[in-house]
Amino acid sequence: MAKVDIYTKAYCPYCSHALALLEQKLLAYPSLEVEQISIDGDMALREKMIERSNGGYTVPQIFINDKHIGGCDQLVALERNNQLDALLTED
C-alpha cells in the first residue's frame, strides 16, 4: 500500500480538504499510510518541502510513494478522473 506525505499548515482550508479526502481513502484502504507534516513555524521543514517539491511553496504539498502529486487541486483532479485509487494501491 502507498505512503502519503502531506505538508500542511494550521487553518488552511485546502489542507483540510485534502486531508478529508485522504481520510475517506483510509476507510477504503486501512493499510494506507498518511503522514501529515505541519510546517507551522518550522523553517527547516518548509525549506525541505520546497526542495522536495521542486519549488512548491504553497500548502498542501502532497507526495504519494515519494512522487510529487502537487496540491489539493491536483489531488482532487486525480480523484475526479478515477486515478487516485490506482496510485494509493501501488507499493
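Me: Which side chains are joined by a polar contact of 2.9 Å?

Reply: A polar contact is a pair of N or O atoms within 3.5 Å; within protein, one must be able to donate a hydrogen and the other to accept it, and residues adjacent in sequence count only if both atoms are side-chain atoms. Here the side chains of Asp5 and Arg52 are joined in this way, at 2.9 Å. Keep in mind that this is a predicted model: local features need pLDDT of at least 70, side-chain atom pairs count only at pLDDT 80 or more, and totals for chains, interfaces and linings use all residues. Residues are numbered from 1 along each chain as its sequence is written, and side-chain values use heavy atoms, with hydrogens and water left out.

Me: Where does Asp5 sit, and is Asp5 buried or exposed?

Reply: Burial is read from relative accessible area: buried means under 20%, exposed over 50%, and partly exposed in between (1.4 Å probe, protein chains only). Asp5 has 8%, so Asp5 is buried. Its place is in strand E1; strands (E, at least two residues) and helices (H or I, at least four) are DSSP runs, numbered from the N terminus.

Me: Leaving aside neighbours within four places in sequence, what is Asp5 in contact with?

Reply: Contact means heavy atoms within 4.5 Å. By that reading, Asp5 touches Glu35, Ile37, Arg52, Gln61, Ile62, Phe63 and Asp66, with neighbours within four places in sequence left aside.

Me: Arg52 and Phe63 are both there. Where does Arg52 lie relative to the ring of Phe63?

Reply: A charge sits over a ring if NZ of Lys or CZ of Arg is within 6 Å of the ring centre and within 35 degrees of the ring normal. Arg52 lies over the face of Phe63, 4.1 Å from the ring centre.

Me: How many aromatic pairs does the structure hold?

Reply: A pair of aromatic rings is described by the distance of the centres and the angle of the planes. Rings of Phe, Tyr and Trp (its six-membered ring) pair if their centres lie within 6.5 Å; planes under 30 degrees apart count as stacked, over 60 as edge-to-face and the rest as tilted. The structure holds one such pair. Tyr7 and Phe63 form it, edge-to-face, with 5.9 Å centre to centre and 75 degrees between the planes. The pair links distant parts of the chain, with Tyr7 in strand E1 and Phe63 in strand E3, 56 residues apart. Tyr7 is buried, at 1% relative accessible area, and Phe63 counts as buried at 1% as well.

Me: What polar contacts does the side chain of Gln61 make, with His68 and with Thr58?

Reply: Gln61 is in strand E3 and, at 5% relative accessibility, counts as buried. Its side chain makes a 2.5 Å polar contact with the side chain of His68 and reaches the backbone oxygen of Thr58 at 2.8 Å. His68, in strand E4 (residues 67-70), counts as partly exposed at 31%.

Me: Which residues of H1 are buried, and what covers them?

Reply: Cys15, Ala18, Leu19, Leu21, Leu22 and Lys25 are the buried ones. They cover an arc of only 160 degrees around the axis, which puts them on the same side of H1; the arc is that of the directions from the helix axis to the C-beta atoms. The face turned away from that side carries the exposed residues Pro13, Glu23, Gln24 and Leu27. The cover over the buried residues includes strands E1 (3-8), E2 (33-38) and E3 (61-64), together with helices H3 (72-80) and H4 (84-88).

Me: Which residues are buried in H3?

Reply: In H3, Cys72, Leu75, Val76 and Leu78 are buried. Seen down the axis, they fall within an arc of 155 degrees, so they line one face of the helix. Asp73 and Arg80 are exposed on the other side. The buried residues of H3 pack against H1, E3, E4 and H4.

Me: And what follows H3?

Reply: Asn82 follows H3, with a positive phi near 55 degrees. Likewise, H2 is followed by Asn54, whose phi is positive, near 55 degrees. At the start of helix H2 (residues 43-52), a side-chain oxygen of Asp42 reaches to within 3.2 Å of the backbone nitrogen of Ala44.
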